[in-house]
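Open the structure in a viewer and follow the selections below in order.

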Amino acid sequence: MQLNANIPSGPIEQKWDRQRFENKLVSPANKHKHNIIVVGSGLAGASAAASLAELGYHVQCFCYHDSPRRAHSIAAQGGINAAKNYRNDGDSIYRLFQDTVKGGDFRSREANVYRMAQISLNIIDQCVAQGVPFAREYGGLLDNRSFGGAQVSRTFYARGQTGQQLLLGAYQSLERQIDARQVEMFPRTEMLDLLVIDGRARGIVTRNLITGSIDTFVADAVILATGGYGNVFYLSTNAKQSNATAIWRAFKRGAAFANPCFTQIHPTCIPVTGHYQSKLTLMSESLRNDGRIWVPKKKRDGRPPEQIPETERDYYLERRYPSFGNLVPRDVASRAAKEVCDRGDGVGETGFGVYLDFAEAIKNVGAPVIRERYGNLFEMYERITAENPYEVPMRIYPAVHYTMGGLWVDYNLMSTIPGLFVLGEANFSDHGANRLGASALMQGLADGYFIIPYTLGNYLATTRLDKVANDNPVIREIESEINSRLKQLLGIRGKRTVDSLHQELGKLMWDECGMVRNAAGLKHALAKIPQVRDEFWHDANILGANDELNQALEKAGRVADFLELAELMCLDALQREESCGCHFREEYQTPDGEAQRDDEHFCYVSAWEYAGANKQPALHKEPLSFEHVLLTQRSYK
Amino acid sequence: MFWGSTVGKKIVMAVTGAIGVGYLIGHVAGNLLVFLGPAEIDTYAAFLKSKPSLLWAARTILLLAVILHIIAAFQLARLSQKSRPIGYKRWRAVGSDFASRTMRWTGPVVGIFIVYHLLHFTTGTVHPDFHEGRVYHNVTSGFQVWYVSAFYIVAMIALLAHLYHGAWSMFQSVGLNHPKYNRLVRAFTTIITIVVVLGFISIPVAVLLGFIA
Amino acid sequence: MNLTLHIWRQKNAQTKGKMTRYEARDINSDMSFLEMLDVVNWALIEKGEEPIAFDHDCREGICGSCGMMINGVAHGPQRGTAACQLHMRHFKDGETIFIEPWRSKAFPVIKDLVVDRSAFDRIIQAGGYISVRSGAAPEASTILIGKEVADLAMDAAACIGCGACVAACPNGSASLFTSAKIAHLNLLPQGKPEQKQRVLRMVQVMDQEGFGNCTMHRECEAVCPKEISVNFIARMNREYLVNSLVSP
Ligand SMILES: Cc1cc2nc3c(=O)[nH]c(=O)nc-3n(C[C@H](O)[C@H](O)[C@H](O)COP(=O)(O)OP(=O)(O)OC[C@H]3O[C@@H](n4cnc5c(N)ncnc54)[C@H](O)[C@@H]3O)c2cc1C
Ligand code: HEM
Ligand code: HEM
Ligand code: SF4
Ligand code: F3S
Ligand code: FES
C-alpha cells in the first residue's frame, strides 16, 4: 500500500481553487443515476448528504439513532471557529491556519488545514442562511468570543448549544431533501460491514436495529461520517452509543487507519463519582477564561475549599506557565492536573479532581456578570453534583473527549480504498496531535458542505463503475460472515456483563494509553488486551435474540470492535517514540517536563494497514513537510 | 382545509365561544335590571323584541355559534381521545388546572342548561306560570321553585369553570398573545367570568332570599 | 437507598405489554436516573433476564433520545430536566417509582420504554427548514438581526425533540414541538419567504400523524426539558389564522 496525499501543486493559497477547477464534472443529466451512500448524520454526514442531494445525486443516508437529529454532534457546546475577523483583531485565514498547525503540534497536513481555514468563512454564511440562531450583539451583528486560549475572538456560538444548532441546520437541510425524495433516510440502521468489489467501495451491509434483518446496499461511492472512537475508554464525554464499528470494519477491508493513538483529553470535566458512572460530562473550556485552577498545598487537606487561605493554595498552572496561566492548551492543562492528582494532592472523595475557582472572578466582576457568561454551565454542574459553583469551587478532572486519529484520507478525503470517503471526526485529517477548541465543528462542516461535493464528483467522473449484481458472491459471503458473528455473540452466554468488560478495557487504556504513556505500560496493555478480548468471547453474557430490538447485542458488537482497536492504539503509541500534542511519552520530555518532539524521526502520519486476523498490522508512513509554519517547540511558559 | 385542521377548528371554537361570551355580558347586564323592578326589565325586554328582524338575526348568529362550537368541541374531543389509545397507569398534572381538564364536562352542562333555559324563559314550555312578555314575573315566579334555582346555580358554576379557562384560552387560540400583556389578559378574562357568573347567580339567590318577589 | 420499580415491559410492537415489578438495591443518590436503570439492568443480566430497553445517548440532556414517564410525569419530578440529567437524590429511600413509555398513537411502542418518534421528523420534512443550497448563502453579516429576535428564535430552537410535550399533553398534542420549530424559523428574516407554506404544511402533517389538538392545558410547558413556552403555540395559531385567511 502506498500513501499518496494527492495534494495539488501551486502556492498554498491557490491549491484548493486549482483543484476545484481541475476536477472533472458529472453532467447534471447523469447525477441522479449515481447512488451515494452516506453513513452518519452528524455535522459531517448530514451536511454531506444534503449537499450531494441538492446537486442531484441519489443519496441513501444511514444512522443508528432513531432520528438523524440525535447524532453526537448535538452535544457540542462551546462554538465554531471561522476567520471572519469581524472583531478587527488581526484574525485572518492565514492566522487560523497557523494556529491550527501549531496547536496540532506539527502533525497535520498544511494543505488540508489551510483549506479548512479558507472554507471556515463559507460555513458561517451557510449556517446563518439556514437559520442557525448564533449569538448576536445588540446592533444585530454576529457575536464572537475567544476560545481555548486563542489570541483572537473568532469563535461563533449559540448559547451553550452551538453543536445542537449547527446540527439542526444540517438536519433540516437533510429533511428537506428527504421530503424531495432525493435522500432515502435509514434511521435505526447500523452499518456492520463495507462492500468492496474489484478493489472499490461499492456499498455497505447493515443491520436493521428493530427487525434485526441484515441487508446490503449497493452504491457508486460510500461516505463514512461516523464520528470518533473515544468510547474505547468506556468513560468519555462522547455519547453512550458513539463507536468505532464503521471505521473499524472499513479498516479490516483495507482502509488505512491513521494516528490511532492521538486521543484528546479535555481538562475541564466533572470528576467520576462511582463505579456506576456511565459517562463523563464536559464543562465548557470557556470556564477557564475566568476560573482559577488550584489544589491545596497540604496533602488530603480536609478543610472545605473556601476555608483554605490563599497562602496554602497551589495555583499550579499559573505557577508553571506564567504567561498563559489557566489558558494553556488542553493537553498541557490535562497533564498538569493528572500530575498533581497522582502526587496525591487531588481533591474530592476520590482524590482525582482539582478546584476550578470563581470566587475571585465573582469578587471582581460580580456574580451577575458571571451568571450571564456561564449561567447554564453552572446550572448543569449543580444539577449533576448538587454543589453551587457560585459558593464552592467546581471540582474538575480531565476526560477523554476527542480522537484526532481516524481513517487515513488524501486531500480529497478519499481513503486508501477507492470510492470510500471519510468525513468529520472519523477521518484523521486536520488536527494533527491535538485539536484546538471549536475546530471540530468547523472541520465536519467543511468536509460535508464544501469539500465532498467537489471531490466526489471528480471521482465519479473519472472512474468506470460496472453494475453490481444483487447475487454477487461477495455480498452473500459478507452477509453470512455477519450472521455467524451475531450468532456467536448470542451463543456465548457467559457470566459477565458486556459493560463490565468494557469498563475493564477502559481502565486499562486510561492507565496505559491515556494522558501519559511509556513503553513498559504500553507493552503491558498489549499483553493484557488480548486476555480481556478472550474473556469477552468466552464469558460475556448477551441475552435476547437477533430478530428484535436488542440493545445488548448492539453494545456487544461495538465493544468487540473496541477490543481490537485498543490494541492498534497501543501499537501506534508504542512506535511513536516522541512526545507531541496529546501523545506524551514519559521517556521523551524536556528537563522541565514538557513534551519533547522528535521531528527528525517522527514528523510523519502513521497509517496502519490490516494484515489479517491475529497478525500485526503493517505500519506505513506519510512524511509531513512544513513550508509555511516553521517547526518550533511549543512553549506556553 | 381550515375547518379540517385542528388549529382551524379550535379557532372556530374560540370565535363562537367569544360570541357566546359577548352575548352573556349583554345578557347579564339586561337581567340585572330585575333589581330595579318590573317596569324597567319588562320594557327592556319589550324593546329587545321591538325589531323582530334584528332579534332573529341575533338569534340565528347565536344558534349557529353554539352549533358550530358544539360540533367542533365534539370532533376535537374525539380526536384527543384517539390520540392516546393506551393511557397511563400513573399520571400527575403539573401544568394544567381543574377548569382546563373539565372543559368537556362543563361545556355540555352549559349546553343542557341552555336548552332547559330556553324552554323555561323564552318559550315557557316548562314554566308552570308563564306570561309572554312579563319577564319580571316569569323570572321571579320561576325561581320561587327551589330546585329550579338550584339547577340554575349549578349550571352557573359549570359556566364559571368553562369560561375561566375558555375565555383565556380563546385568546391563545387566535394568537392574541404577547408576553407583555398575557398576565393582563388572564386577569381581565378572569374578572369578566366572575362578574358575569356572579351577576347571573345573584338573581335566583335574590329571589330565594325574597329580596325580589 | 432501595427502591421499588414498576416498569412497563413489552417485547415488541405486536405483543401486549405489562407493568413488571423490580427491586433496585443500594442505589447511590449521586447516580443519574439512567445510571440507576443501568445498575438494575446489570443485575437482570446476571440473573439471565433480558435488560430493560430504553433510548439514551448523550446523557447530557441535549440529544433528546431519553424520555419516560416517571411517576406520571414526563422526564420526572425536576423541572427543566431530561430523564438523563435527573439524579436519584430527588427520590426518597424506599420510594416506589412507576416508569412508563411515552403514550401516543403517533409514538408506537417498539420495545419496553422505546418508542418510535419518526412522526417528528415527518413534521420537520413538511417545512421545518429554510431552503438554501450549500454555497448559495450570502455573506453572514449582510442581514442584521436584533438581539431580542435572535434570542427569542434561540429560545424556540432549543427544543431537543424528545417528545415529552406529546407524552404529557392530555390531548396528546404535538403543538409545542411544532410551534417551536415554526417560531424559530418564522422569526428570522431568513425564514420569512417560506413562512406561509411552513405553518400551513407543518400543521397539516402534524394532524395527519394523529396527534391531538391543543386546548391550552400547559402540561407540555411544565415538563419540557428546555422549558419551551406555550406562547409559541399561540404564535403558531396566529400565523395559521393570518396565513390561511388573509395573505396572498
Ligand atoms: C461534549 C462534547 C463537546 C464538544 N464541543 C465541541 C465544540 O464546542 N466545538 C467543536 O468544534 N467541537 C466540539 N466537540 C467535538 C465535535 O462535537 C465532534 O467532533 C463532531 O461533532 C463530530 O461530528 P461527526 O459528524 O464527525 O460525527 P457524529 O456527530 O458523532 O455523528 C456520527 C454519526 O454516525 C452515525 N453512525 C456511527 N456509526 C454508525 C454505524 N456503524 N452505522 C450507522 N450509522 C453510524 C451516528 O448515528 C451519527 O449519526 C465536542 C464533543 C463533545 C463530546
Ligand atoms: C353548549 C355546549 C358547549 C360545549 C359542549 C362546549 C365545549 C367546549 C369545549 C370542549 C371546549 C374546548 C376546550 C378548550 O378549548 O379548552 C370549549 C371551549 C370554549 N367554550 Fe365551550 N362549550 C359549550 C358551550 C359554551 C358556551 C355557551 C360558551 C360561552 C358562553 C362557551 C365558551 C367557550 C369558550 C370561550 C371556549 C374557549 C375556546 C378556545 O379555547 O379557543 N362554550 N367549549
Ligand atoms: C340566572 C341567570 C339567567 C336569567 C335570569 C336569564 C333570564 C333570561 C330570560 C328572562 C330570557 C327571556 C328573554 C325574553 O324572552 O324576553 C332569557 C333568554 C335567553 N337566555 Fe337567559 N338567563 C340567565 C342565564 C343565561 C345563561 C347562562 C345563558 C347562556 C349560557 C342564557 C342564554 C339565554 C338565551 C340564549 C336566551 C334566548 C334569547 C332570545 O330570546 O333569543 N341565559 N334569559
Ligand atoms: S418542545 Fe420540549 S418537550 Fe417537546 S420535544 Fe421539544 S424539548 Fe421535548
Ligand atoms: S399540554 Fe397540550 S393542550 Fe396544549 S398547551 Fe400543551 S399542548
Ligand atoms: S440521553 Fe440525550 S437527552 Fe437524555
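**Ligand 1 and its cavity**

Start by selecting ligand 1, which sits in the largest cavity. On a 1 Å grid over the protein atoms alone, a cavity is a set of points where a 1.4 Å probe fits but cannot get out; a molecule sits in it if more than half of its atoms lie within 2 Å of its grid points. The model is predicted: local features need pLDDT of at least 70 and side-chain atom pairs 80 or more, while totals for chains, interfaces and linings use all residues. Residues are numbered from 1 along each chain as its sequence is written, chains are lettered from A and ligands numbered from 1 in the order written, and side-chain values use heavy atoms, without hydrogens and water.

Next, show the 37 residues that surround ligand 1, meaning those with a heavy atom within 4 Å of it. A:H65, A:S73, A:M191, A:E425 and A:L441 are the closest. Strand β6(A) gives the largest share, three residues.

Now pick oxygen atoms of ligand 1. A polar side-chain atom of A:S73 is 2.4 Å from one. For A:G78, a backbone N or O atom lies 2.9 Å from a ligand oxygen; for A:S439, the corresponding distance is 3.2 Å.

**Ligand 4**

Move to ligand 4 in the viewer. Among the residues around it are C:C159, C:C162, C:C165 and C:C224.

**The chains**

Finally, colour by chain. Two pairs of chains are in contact (heavy atoms within 4.5 Å), and chains A and C share the most contacts. Chains A and B do not touch, with their nearest C-alpha atoms 20 Å apart.

Key
A polar contact is a pair of N or O atoms within 3.5 Å; within protein, one must be able to donate a hydrogen and the other to accept it, and residues adjacent in sequence count only if both atoms are side-chain atoms. On a 1 Å grid over the protein atoms alone, a cavity is a set of points where a 1.4 Å probe fits but cannot get out, and a pocket is an open set with protein on both sides within 12 Å along at least five of seven lines; lining residues have an atom within 4 Å of a point. Helices (H or I, at least four residues) and strands (E, at least two) are DSSP runs, numbered from the N terminus.
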